[in-house]
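Please keep the sequence and the coordinates in view while reading.

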Amino acid sequence: MRTDVSVRPVAPACGAEIRGVDLRRATAGAPDAGDDDLRVVRDALRRHAVVFVRDQPLDLDEQVALTARLGRVLRVPYIQHLPSHPDVIAVLKEADERRISTFGGSWHSDFSFLDEPPSFTLLHAKELPEVGGDTLWASQEAAYDALSPGMQRLLVPLRAVQTGWPHGTNGPGPNAAVSRSVVMTRNDPSADREVLHPVVRVHPDTGRRSLFVNPVYTQRFEDTTVEESRPLLQYVFDHAVRAEFTCRLRWEPDTLAIWDNRCLLHLAINDYDGSRRLLHRTTVAGERPVGADQR
Ligand code: SIN
């Protein structure tokens with residue numbers, strides 16, 4: 001480990017703060033540019049699932065270039081991109097947008113309803129409230145591990161229906177009535193498509209098992225109705241975000257958070273009415289989730 005770099009866990013279940021790297025080096029163009037710094041980030045992601053890299057004054061081109069060093073850049077559907085940078089979305093709530101839900105304000109894994117949901121998300125802080133607007137993550141590996149063997153055996157063979165319907169032709173769902181500043185592109189019937197994913201997935205790099213359902217996009221278990229699924233699904237939703245599985249980020253300008261959607265849920269805390277909050281988000285493509293019974 002380099003002596004100028006520190007990687008400090010922020011909670012037992014997930015999350016680490018990194019200081020002393022300069023990720024702009026990794027955007028310099030040469031295929032091995034900034035490899036040392038990237039190695040620190042990749043190792044920390046593998047161990048802690050989400051990293052908070054402090055003091056990264058990235059511009060938009062640099063953020064996209066950095067994202068590409070982690071995998072194929074995914075242009076996410078249903079959300080209006082920045083006109084100048086179609087691979088970037090602005091996560092923004094204006095100071096005058098009061099008493100409105102915010103983008104990412106319920107526990108979720110980004111775009112889990114895609115056939116191949118994203119692996120990593122990068123979120124870079126530009127403008128922040130004086131206080132508030134923190135983000136929480138919950139380790140879904142810790143959540144799976146904490147279940148009884150009987151409940152693990154019950155869940156492993158199950159698959160669940162995931163759909164992006166809150167953003168689709170059915171109109172906004174309860175979690176989609178968000179700030180006017182993040183523009184959802186509606187009337188795209190593909191958002192209503194139902195995609196089946198395993199309830200317990202296996203991480204392609206670490207081989208570890210994690211829960212892969214969330215209250216925003218997961219509707220029901222395969223071959224059951226919403227009503228039939230609700231009691232067990234609600235139990236899993238509640239269990240998945242127990243406090244001991246979580247970590248919390250207090251943002252600073254130029255903090256870059258990078259997280260692994262394959263083994264985490266996250267939530268933006270909507271407690272900063274009257275302040276402007278702006279972050280830039282990019283996403284790395286992932287793979288079709290593999291269930292723990294498929295290996
Ligand atoms: C998101 O869900 O990507 C947004 C998280 C945040 O704004 O903190």
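Contact here means heavy atoms within 4.5 Å. Helices (H or I, at least four residues) and strands (E, at least two) are DSSP runs, numbered from the N terminus. This is a predicted model, in which local features need pLDDT of at least 70 and side-chain atom pairs count only at pLDDT 80 or more, while totals for chains, interfaces and linings use all residues. Residues are numbered from 1 along each chain as its sequence is written, and side-chain values use heavy atoms, with hydrogens and water left out.

Seven strands form an open sheet with mixed pairing, in the order β1-β2-β3-β13-β5-β15-β4; two strands are taken to pair if DSSP finds at least two bridges between them. At the edges stand β1 (6–9) and β4 (89–93), each of which pairs on one side only. From one strand to the next, the twist averages 20°; axes are lines fitted to C-alpha atoms, for helices over the stretch in contact, and angles run from 0 to 180 degrees between N-to-C directions.

Helix α1 (residues 35–48) lies across β1, β2 (16–19), β3 (50–53), β5 (120–127) and β13 (256–260), and runs at about 140° to β3.

Helix α1 also gives the most to the lining of the largest pocket, with six residues. On a 1 Å grid over the protein atoms alone, a pocket is an open set of points with protein on both sides within 12 Å along at least five of seven lines, a cavity is a set of points where a 1.4 Å probe fits but cannot get out, and lining residues have an atom within 4 Å of a point. The largest pocket holds about 330 Å³ of space, where points are joined across faces, edges and corners and a volume is the space filled by probe spheres set on the points. Of its 22 lining residues, Leu-45, Arg-46, Arg-47, Thr-206 and Asp-260 are the closest to the centre.

One cavity of 30 Å³ or more is found in the whole structure. The largest cavity has about 120 Å³ of space and is lined by 13 residues, with Phe-103, Gly-104, Leu-123, His-266 and Ala-268 nearest its centre. Strand β14 gives the most to this lining, with three residues.
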